[in-house]
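Dear colleague,

My findings follow directly after it.

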Amino acid sequence: MKKFLAVVLVAFCGPAWGHEMSPTYVEFNPSYINNVLKTTIELFNRREDVSYYEIEVYDKDRNPISFVADNKIINLDYLEKKSIDVYIKNTDKDKVVYVCTLSRFIKEDVTKTNVSSRICSKAK
Amino acid sequence: MLKKVLIVMAGLSAATMAHADNPTIRGTVASKCSVYTTTQGVYGNPSPDVLSTAAASGGVQPIVRYDVAIGDYYYGRITYPNSFTSSPNLTSSAVDWAGEVDISQVSVPAMSAYTNDVVVYDNTYQYDLTEAGSTWFKVSSSATYGFNQAFPAGSYVANVVAECIAK
């Protein structure tokens, strides 16, 4: 039985690539610039097939809201972790509902489906 | 003399033992919802005008795993493709897309009920991730080109989008 379980585990435990982001609920606080709010998200790349992530900020209807970050597309190597500061205008504070990160792919010459992962934290 | 030395030493060691240590409490905020790609999908080309991830067509269905640390905090939203992200030149309106998302494996039996409450709109399936644990979703996708038209030779890539949306 143990041998059977071991074989099943080996057979089904292929590589898995993950995208992790925290916190679940973000809070925008005053930044060092007047009328600009800041939050910090942490991104962890456990996807070996992805090296780039895009930051997105949306309202409740998933309409994009303008924001500023060091880079909107971040280079994040496999197993690398990064803290990212996201800045929004004070006037947009009540509009912002989601802060998301989306995995981005490099163009390849293979016929396949890619799985893009998006994780969205909610603004409090 | 010996008594005095002993008293001084005892006093010193007591003073050392009584020093206050600053206990630290460490904690890590980990991601409550993570998306893992356990199987990358591949399109099979069973006939000149069809690309499909179905095993019968020589394809491989992509499988996505959602790990949820605390239940009832996230929605899992999976969107099967309705366009190619990269392909040879096509008349895009002539491509007919179809797809489906289904649960392939669960770590908690109660997750099987997710299919009852699934919300489907356009090409998106939204699941309410009420249970903590892992859920595997398989995605099927097929593209049919025009009326008996053959897909031009080349590589084709389409994106499945798997999202964790905080409630």
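Strand 1 of chain A and strand 1 of chain B (residues 33-39) run antiparallel and are joined by four bridges. Within this pairing, A:E20 has B:S34, in strand 1 of chain B, as its bridge partner. Please note that the model is a predicted one.

The contact between the two chains involves 29 residues of chain A and 35 residues of chain B. On the side of chain A that touches chain B, strand 1 (17-22) and strand 9 (112-123) each supply at least two residues. Strand 9 of chain A gives the most to that side, with eleven residues. By class, the side of chain A that touches chain B comprises ten nonpolar, eleven polar and eight charged residues.

Turning to chain B as a whole, its secondary structure consists of one helix and twelve strands. The order of elements from the N terminus is α-β-β-β-β-β-β-β-β-β-β-β-β. Chain B has 167 residues, of which 33% are buried. Among the contacts in chain B with a separation of 6 or more, 73% are between residues 24 or more positions apart.

Most residues other than glycine have a negative phi, and most peptide bonds are trans. The following cases depart from that pattern.

- Cis peptide bond: the bond from A:S22 to A:P23 is cis, with omega near 0 degrees. A:P23 is placed in the loop between strand 1 and strand 2 (25-26) of chain A.
- Positive phi in chain A: A:R62, which is not a glycine, has a positive phi of about 65 degrees. This residue, A:R62, lies in the loop between strand 5 (52-58) and strand 6 (73-75) of chain A.
- Positive phi in chain B: B:D72, a residue other than glycine, has a positive phi near 70 degrees. B:D72 is found in the loop between strand 5 (63-68) and strand 6 (74-79) of chain B.

Are A:R62 and B:D72 buried or exposed? A:R62 counts as exposed because it has 12 C-beta neighbours inside 10 Å, and a residue is exposed if that number is 12 or fewer. B:D72 has 11 other C-beta atoms within 10 Å and is therefore exposed as well.

With kind regards

Conventions:
Residues numbered from 1 in each chain as written. Chains lettered and ligands numbered in written order. Predicted model: local features only at pLDDT ≥ 70, side-chain atom pairs only at ≥ 80, totals over all residues. Contact = placed C-beta atoms within 7 Å. Nonpolar A, V, L, I, M, F, W, Y, C, P; charged D, E, K, R; others polar. Pairing = 2+ DSSP bridges. Buried ≥ 20, exposed ≤ 12 C-beta atoms within 10 Å, placed from the backbone.
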